[in-house]
Amino acid sequence: MDSLIAAAARALVTGDPLGALKRVALREDPPALALRGIAMAQLGEHARARDLLRRAARGFGAHEERARARCVVAEAEVALAMRDLRGSPRTLAVAALTLEARADRANALHARLIGARRLLLLGHVDEAATALSSLDTQGAPPSLLAVAELAAAEVALRLLNTAVARAAFARAREAAEHARVPSLLAEVAEARAALDRPAARSIQAGQEKLLRLDEVEALHASGALVIDGCRRGLRVGSNWLPLARRPLLFALARALAEAWPGDVDRNLLITRAFSTRHLDETHRARLRVEIGRLRAIAAPLARIEASARGFALRPLGNHAVVVLLPPIEGDQASLLALLADGMAWSTSALALALGDSQRTVQRALVELEAEGRVRSIGLARSQRWLSPPLTGFTTNLLLPAALALA
Amino acid sequence: MNQSKAERIGKTPAAARVRAAEIVREYGPFAGIGAIHGVSHDGKRVWAATGSKLLAFDPESGRIARTLDRSGDAGTAFDGTHLYQIAEARIDKIDPATGDIVASIPAPGHGADSGMAWAEGSLWVGQYRERKIHQIDPETGAVLRTIESNRFVTGVTWVDGELWHGTWEGDASDIRRINPESGTVLERLEMPPGVGVSGMESDGAALFYCGGGPSGKVRAVRRPSGE
């Protein structure tokens with residue numbers, strides 16, 4: 001390491017990216033390029049930062065693998081901040097292995113965390129959970145611990161495990177306080193607020209109520225038969241019967257559940273499920289067929305009994321029936337509720353689940369995207385929609401001092 | 001100079017003796033100090049440049065004896081009276097008693113400088129990635145001559161007429177004695193993998209004090225006692 005590189009690294013650590021740039025602005029050697037890249041990232045010039053970090057990585061010699069790996073990690077973090085997820089996860093994994101082999105555990109952990117957060121952004125919640133659970137955070141810097149806990153909290157929220165999320169948030173806050181990074185603390189507070197916001201509405205025997213996430217979780221644990229209009233399916237405890245691809249059956253189930261413990265008139269069921277007002281015998285025949293299908297699917301959780309005027313839902317055991325709906329009405333609310341699982345949905349899957357046309361859904365998604373309430377990855381046929389991360393991703397956690405060293 | 005190319009770029013001849021560096025003692029990391037960039041010895045205490053501070057510690061007790069609020073980003077040297085300290089792209093001449101900067105000259109590498117030693121009325125300044133050592137006039141900063149190495153040069157020191165310098169590239173680091181005329185490597189002490197030398201100075205006797213870069217440590221390494 002040389003004198004201006006050391007001075008620039010010192011400036012970066014103290015949060016003075018302009019001071020760092022001043023010292024190495026005109027230099028093109030790899031350590032200088034790396035420092036310039038990090039300074040640019042801290043100034044929010046992500047595209048420029050990426051370019052500089054790439055050039056730095058290329059410039060380091062074969063005997064400077066650690067420095068090169070650090071550049072790869074920093075570049076991956078900048079890409080994450082740009083929400084550019086096209087990079088190869090393999091490159092990042094190789095960098096992590098390189099750093100581990102050289103006992104640079106903090107930066108290796110940093111690399112693995114970026115990988116896990118990338119999976120979350122791509123909607124691979126289960127894979128992210130697996131990646132996070134295999135991390136070795138022993139003795140890690142508190143800022144990285146905070147990021148790891150935030151990611152764990154996000155996974156727990158997506159999987160509707162509020163107690164785990166709450167505990168992770170508490171650890172994240174402790175670590176962020178320890179790290180004394182104000183933006184991290186703000187991020188934890190912001191993300192944690194998801195626990196206190198209304199997450200759904202419940203309708204039980206005609207009574208409507210707003211529920212927080214933990215109340216939703218408690219409802220699922222209560223043994224009640226939940227007709228879940230947020231994620232589209234039937235649930236008792238951990239027993240989940242998805243109906244996202246069967247909108248008609250879901251509409252029937254919901255109509256039956258809203259009337260519980262009473263029954264529902266056939267004509268009303270036809271109106272609700274087939275969206276028609278002109279009833280004829282063919283509708284009645286179709287209703288019989290569809291009720292038969294729903295009966296078969298719901299069999300593990302409930303029976304559907306015929307009554308004199310229609311049908312009635314009878315949950316197995318002596319449990320209540322509760323309908324769960326997005327906290328507010330409307331197509332947008334339904335879309336957001338579906339995306340709350342953190343998975344990547346195609347437009348066609350969303351349209352199918354909501355029983356709307358792709359056009360309608362696309363329009364709603366575009367509006368939501370403009371408001372920053374959904375985001376998309378991929379283009380054209382491979383385009384997928386996701387809810388934005390509950391936990392943001394700060395970019396001031398790059399590896400400034402460490403990068404300066406060969 | 002009419003040297004062969006191999007000699008000029010400091011290529012290790014077969015005769016160069018290689019052995020493992022013997023680390024006698026470790027100092028630090030010191031409280032609140034991140035990295036060690038430069039090391040010197042004033043006959044009694046070891047001086048270390050740590051970024052925003054220059055500190056002197058007693059090699060016997062390891063205790064910090066003195067701290068100067070002077071920035072130091074690379075090599076440190078001592079001419080018997082004054083400390084010389086590379087900070088950014090200049091070399092400050094510092095009165096160790098008061099901490100005052102009495103003069104400043106430009107560093108020969110324009111900020112790409114690493115180690116520094118004082119000997120024979122000259123300053124010897126390593127230029128890290130350029131793999132060079134410049135002999136400069138301590139009054140003006142004028143480059144008198146340049147020795148080339150084949151490794152990234154970190155610390156530089158003179159002892160008993162021998163020129164030694166540290167190298168650090170990636171994971172590999174060593175301390176080597178070179179022919180000051182030709183740059184030919186005469187002897188090498190290899191540091192353990194992952195242990196680097198960021199700055200060094202002889203104590204004038206049997207030890208080298210070596211900065212450990214971001215480890216924040218200073219290590220005492222035994223100087224081989226002749227052939």
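Here are some friendly notes on this two-chain model, point by point.

1. **Ground rules.** This is a predicted model, in which local features need pLDDT of at least 70 and side-chain atom pairs count only at pLDDT 80 or more, while totals for chains, interfaces and linings use all residues. Residues are numbered from 1 along each chain as its sequence is written, chains are lettered from A and ligands numbered from 1 in the order in which they are written, and side-chain values use heavy atoms, with hydrogens and water left out.

2. **The contact between the chains.** Chain B brings 23 residues to the contact and chain A brings 19 residues, where contact means heavy atoms within 4.5 Å. The size of an interface is often given as the accessible area lost when the parts come together. Here the buried area is about 1700 Å², with carbon and sulfur atoms giving 51%; buried area is the accessible area (1.4 Å probe) that two parts lose on being put together, summed over both.

3. How many salt bridges cross the interface of chain B and chain A? The rule finds five, a salt bridge being a side-chain nitrogen of Lys or Arg within 4 Å of a carboxyl oxygen of Asp or Glu.

4. **What chain B shows to chain A.** On the side of chain B that touches chain A, strands S11 (113-119) and S16 (162-169) each supply at least two residues. Strands (E, at least two residues) and helices (H or I, at least four) are DSSP runs, numbered from the N terminus. By class, this side of chain B has eight nonpolar, eight polar and seven charged residues. Ala, Val, Leu, Ile, Met, Phe, Trp, Tyr, Cys and Pro count as nonpolar, Asp, Glu, Lys and Arg as charged, and the others, Gly among them, as polar.

5. **The four-stranded sheet.** In chain B, an open antiparallel sheet runs in the order S11-S12-S13-S14; two strands pair if DSSP finds at least two bridges between them. S11 and S14 (143-148) of chain B each have a single partner strand, so one side of each is left without a neighbour in the sheet. Within the sheet, S12 (122-127) and S13 (132-136) of chain B pair over five bridges, and Gly126(B) has Ile133(B) as its bridge partner.

6. **The five-stranded sheet.** Chain B also has an open sheet of mixed pairing, in the order S1-S18-S17-S16-S15. Its edge strands are S1 (17-20) and S15 (153-159) of chain B. S15(B) and S16(B) run antiparallel and are joined by five bridges, with Val156(B) opposite His165(B).

7. **Backbone spots to check by eye.** Most residues other than glycine have a negative phi, and most peptide bonds are trans. Trp260(A) and Pro261(A) are joined by a cis peptide bond, with omega about 5°. Another cis bond links Gly28(B) and Pro29(B), with omega about 0°; Pro29(B) lies in the loop between strands S2 (23-27) and S3 (38-41) of chain B. Leu160(A) has a positive phi, near 55°, and sits in the loop between helices H9 (142-158) and H10 (162-179) of chain A.
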